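Subject: A structure for you to look at

Dear colleague,

I am passing on the structure below, and after it I have set out what was found. Please read the notes with the structure open beside you.

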Amino acid sequence: METLNKVACGFMFVLVVAFMCGSRPVSGLLNTYLYINNTIAPNTDFTYDCNSTAGNFDEYTLNYMHEWHTKFENFGATTKLWCSMWWTDKNGRQVKGNSDIFIGNRDEERCRYLCKYYAKVDGIYLHNSVKNKLELMYAWPK
Ligand SMILES: *[C@@H]1O[C@H](CO)[C@@H](O)[C@H](O)[C@H]1NC(C)=O
Ligand SMILES: *[C@@H]1O[C@H](CO)[C@@H](O)[C@H](O)[C@H]1NC(C)=O
């Protein structure tokens, strides 16, 4: 019985270690998750082309209320992500802008590891998870 307990205990230990290593790879600890959600207006598509210091992204178009996300390591708070973005307003005018979206050393404090951006009629907002409110980060050119 004693031996069996020891064996069972050792087996549990191996399981726990395997679980911890499997579910939390060391490199995954630093991941920052970045979301972009189109909340501009019903029937309005939002298109953007983003590049980052961690690599380039393709061009994407989001329907209203749809979301895109990516993840990267903001190692040493040095990661930057910038985008070219455009959409058409209700008068048929194209609204277009270029902006840095995520700046590692600025936004690490604002959104920690979960950075949710919202495209709106007046600009791009970021959910500040410390203050728990949306902040306008970039206003569309007039
Ligand atoms: C986008 O944001 C809106 C407003 O917060 C929310 O209702 C909607 O569920 C979000 N879309 C996704 C796909 O999460
Ligand atoms: C991203 O990189 C591609 C390929 O180099 C380039 O064509 C595109 O203009 C870049 N976009 C931005 C927003 O920098």
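Two residues are said to be in contact if their C-beta atoms, placed from the backbone, lie within 7 Å. Leaving aside neighbours within four places in sequence, F46 is in contact with N38, I40, L62, W87 and A119. Please keep in mind that this is a predicted model, in which local features need pLDDT of at least 70 and side-chain atom pairs count only at pLDDT 80 or more, while totals for chains, interfaces and linings use all residues. Residues are numbered from 1 along each chain as its sequence is written, and chains are lettered from A and ligands numbered from 1 in the order in which they are written.

The protein has two helices and nine strands, where helices (H or I, at least four residues) and strands (E, at least two) are DSSP runs numbered from the N terminus. From that end, the order of the elements is α-β-β-β-β-β-β-α-β-β-β.

Four of the strands form an open sheet in the order β3-β2-β5-β6, with antiparallel pairing; two strands pair if DSSP finds at least two bridges between them. The edges are taken by β3 (55-62) and β6 (94-103), each of which has a single partner strand, so one side of each is left without a neighbour in the sheet. Between β2 and β5, which run antiparallel, there are six bridges, and Y48 stands opposite M85 in β5. Helix α2 (residues 104-111) packs on the sheet, where α2 touches β5 and β6, and its direction makes about 85° with that of β6 (axes are lines fitted to C-alpha atoms, for helices over the stretch in contact, and angles run from 0 to 180 degrees between N-to-C directions).

Of the 142 residues of the protein, 18% count as buried, that is, with 20 or more other C-beta atoms within 10 Å of their own.

Finally, ligand 2 is surrounded by D49, N51, N56, W82, C83 and S84, each near it in the sense that the C-beta atom, placed from the backbone, lies within 6 Å of the molecule. Strand β5 gives the largest share of this shell, three residues.

With best regards

Key. Buried ≥ 20, exposed ≤ 12 C-beta atoms within 10 Å, placed from the backbone.
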